[in-house]
Amino acid sequence: GVEVEEEHSDWEEEHGHEDELEEDHSAEWKFRLAELEAESSILEAETGLREAEAQLMQAVKALELFVEGVAPDKLREAELDVERSRVGLDEQRATLAQLESDYSRYGNDELAKQTADIVLNRHRARVRFEEVELQLAERALERMREVELPMERAGLEAALESAEAAVDGAH
């Protein structure tokens, strides 16, 4: 009976250590896994921060470009449309006045009167078109100045604030 107990305790000694080794390896692997997960989280956070910072820089640049270039150019273009319309209207009015003066000299010749009516009516219509084009250009300028550009700027400012918040959140 003593030999059996001795054999049994030898077996326990051999296999008991294996269990302890397995537990050590398991704890080591769990620790290593936790380390890797922490490193991965740090890398993800750093990547998120870099992306947020890049978006912030992009938003800053977009707003800067808008304020320094896009908005003034759009506004100047709309002002130029108004100026062109004014010049066109002035030219059409001057042409009409000149034609009215010229045709008034023809007197009672019926054919000359008919020709004058056709030409003068055509030029009066052109003056009316130019008046409407001027009104439209002035309204477009006002809309650009009062609505469109402020809305575009507000959108860019909101994008900037959102990008700033994303950077703050990524820290």
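This note sets out numbered points on the structure shown above.

1. **Basis of the model.** The model is predicted, and its local features need pLDDT of at least 70, side-chain atom pairs count only at pLDDT 80 or more, and totals for chains, interfaces and linings use all residues. Residues are numbered from 1 along each chain as its sequence is written, and side-chain values use heavy atoms, with hydrogens and water left out.

2. **Overall content.** The secondary structure of the protein consists of 2 helices and 0 strands. Helices (H or I, at least four residues) and strands (E, at least two) are DSSP runs, numbered from the N terminus. Helix α1 covers residues 2–104, and helix α2 covers residues 110–170.

3. Of the 171 residues of the protein, 19% count as buried. Here buried means under 20% relative accessible area, exposed means over 50%, and partly exposed lies in between (1.4 Å probe, protein chains only). A contact means heavy atoms within 4.5 Å. Among contacts in the protein with a separation of 6 or more, 84% are accounted for by residues 24 or more positions apart.

4. **The span and bend of α2.** Helix α2 has 61 residues and reaches 86 Å from its first C-alpha to its last, which is close to the 90 Å expected at 1.5 Å a residue. The expected span of a helix is 1.5 Å times one less than its number of residues. The helix α2 bends by about 45° at M144. The bend at a residue is the angle between axes fitted to the seven residues ending there and the seven starting there.

5. **The start of α2.** At this end of the helix, a side-chain oxygen of D109 comes to within 3.2 Å of the backbone nitrogen of L111.

6. **The nonpolar cores.** A nonpolar core is a set of buried Ala, Val, Leu, Ile, Met, Phe, Trp, Tyr and Cys residues joined through side-chain atoms within 4.5 Å. The largest nonpolar core has 13 residues, and those with the most contacts inside it are V82, L99, Y103 and L120. The elements that give two or more residues to this core are α1 and α2, and α2 gives the most, with 7 residues. Apart from this core lies another, of 8 residues, among them L49, L56, L63 and L160. In soluble globular proteins, nonpolar side chains tend to be buried together.

7. **V82 and Q92.** Leaving aside neighbours within four places in sequence, V82 is in contact with L134, A137, E138 and L141. Which residues does Q92 touch, not counting residues up to four places away in sequence? They are H123, R126, V127 and E130. Q92 lies in helix α1, and Q92 is buried, with a relative accessible area of 18%.

8. A salt bridge is a side-chain nitrogen of Lys or Arg within 4 Å of a carboxyl oxygen of Asp or Glu. The structure holds 13 salt bridges. One of them joins the side chains of D81 and R84 (3.2 Å, N to O). D81 and R84 are separated by about one helical turn because they are 3 residues apart in helix α1. An α-helix has 3.6 residues a turn, so residues three or four places apart point the same way. D81 is partly exposed at 36% relative accessible area, whereas R84 is exposed at 53%.

9. **A salt bridge between the helices.** R86 and E138 meet through their side chains in a salt bridge (3.1 Å, N to O). This pair links distant parts of the chain, with R86 in helix α1 and E138 in helix α2, 52 residues apart. R86 is partly exposed, with a relative accessible area of 42%, and E138 counts as partly exposed at 32%.

10. **A salt-bridge network.** Salt bridges that share partners join R76, E79, E83 and R145 into one network. Between E83 and R76, the closest N and O atoms are 2.8 Å apart. E83 is partly exposed at 36% relative accessible area, and R76 counts as partly exposed at 40%.

11. **Two exposed residues.** F129 is found in helix α2 and is exposed, with a relative accessible area of 55%. The C-alpha atoms of F129 and S85 are separated by 9.9 Å, and these residues are 44 residues apart along the chain. Q58 lies in helix α1 and counts as exposed at 56% relative accessibility. The C-alpha atoms of Q58 and A163, 105 residues apart along the chain, are separated by 9.0 Å.

Methods: A polar contact is a pair of N or O atoms within 3.5 Å; within protein, one must be able to donate a hydrogen and the other to accept it, and residues adjacent in sequence count only if both atoms are side-chain atoms.
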